[in-house]
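Dear colleague,

Please find below the structure that I am handing over to you. My notes on it follow directly after.

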Amino acid sequence: MMGENILYDCPFCEEEHYVQLKREQGVANIKGEIVQYDKIVYYCDIEEEEFCPRKLMDNNLLEARNVYRRMKGLLTSKEIKV
């Protein structure tokens, strides 16, 4: 599923232009269990490539961990902060 466009310094084109924020199903192994979560990546229309900067990787991993926590009846990271 495609989402909004954001201005970003694309690592493929090596220039700043609008890239699409793309949401898709991701799969991760958290503590030996496979979880499906909402993954976010950027998509360059010019090079037709997806990429995931470090900050997005961190957010995606946090989302996967939160899915795991919900599966196990644990508090999510947002619930812990409150």
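**Salt bridges and charged residues**

Glu 24 is partly exposed, with a relative accessible area of 24%; here buried means under 20% relative accessible area, exposed over 50%, and partly exposed in between (1.4 Å probe, protein chains only). Please note that this is a predicted model, in which local features need pLDDT of at least 70 and side-chain atom pairs count only at pLDDT 80 or more, while totals for chains, interfaces and linings use all residues. Residues are numbered from 1 along each chain as its sequence is written, and side-chain values use heavy atoms, with hydrogens and water left out.

Glu 24 forms a salt bridge with Lys 22, and the closest N and O atoms of this pair are 3.9 Å apart. The term salt bridge denotes a side-chain nitrogen of Lys or Arg within 4 Å of a carboxyl oxygen of Asp or Glu. In general, side chains of opposite charge can pair when their charged atoms come close. A search of the whole structure finds four such salt bridges.

Lys 22 also has a salt bridge with Glu 50, where the closest N and O atoms are 2.5 Å apart. This pair links distant parts of the chain, since Lys 22 is in strand S2 and Glu 50 in strand S4 (residues 49-51), 28 residues apart. Helices (H or I, at least four residues) and strands (E, at least two) are DSSP runs, numbered from the N terminus. Lys 22 counts as buried because its relative accessible area is 16%, whereas Glu 50, at 32%, is partly exposed. Taken together, Lys 22, Glu 24 and Glu 50 are linked in a network of salt bridges.

A further salt bridge joins Glu 33 to Lys 72, with the closest N and O atoms 2.5 Å apart. This pair, too, links distant parts of the chain: Glu 33 is in strand S3 (residues 33-44) and Lys 72 in the loop between H1 and helix H2 (77-81), 39 residues apart. Glu 33 is partly exposed, with a relative accessible area of 27%, and Lys 72 is partly exposed at 41% relative accessibility.

**Negative patch and positive phi values**

Which residues form the negative surface patch? The patch is made up of Asp 9, Glu 14, Glu 15 and Glu 16. Patches consist of residues with over 30% relative accessible area and no salt bridge, like charges being joined within 9 Å and nonpolar side chains (Val, Leu, Ile, Met, Phe, Trp, Tyr) within 5 Å.

Glu 14 is found in the loop between strand S1 (2-10) and S2, and counts as exposed because its relative accessibility is 69%. Glu 14 also has a positive phi of about 60 degrees although it is not a glycine. Most residues other than glycine have a negative phi.

Lys 31, in the loop between S2 and S3, likewise has a positive phi, near 50 degrees. Lys 31 is exposed, with a relative accessible area of 72%. The C-alpha atoms of Lys 31 and Tyr 68 are separated by 8.8 Å, although the two residues are 37 residues apart along the chain.

**Two further residues**

Not counting residues up to four places away in sequence, His 17 touches Ile 6, Leu 7, Tyr 8, Cys 10, Cys 44 and Ile 46, contact meaning heavy atoms within 4.5 Å.

Arg 70 is found in helix H1 (residues 54-71) and is partly exposed, with a relative accessible area of 49%. With residues up to four places away in sequence again left out, Arg 70 touches Glu 63 and Thr 76. Arg 70 and Asn 59 are 11 residues apart in sequence and 16 Å apart in space, C-alpha to C-alpha.

Yours sincerely

Definitions and conventions:
Areas by Shrake-Rupley, 256 points an atom, 1.4 Å probe, with all protein chains shown as cover. Lys, Arg positive; Asp, Glu negative; His and termini not counted. Charge placed at Lys NZ, Arg CZ, Asp CG, Glu CD.
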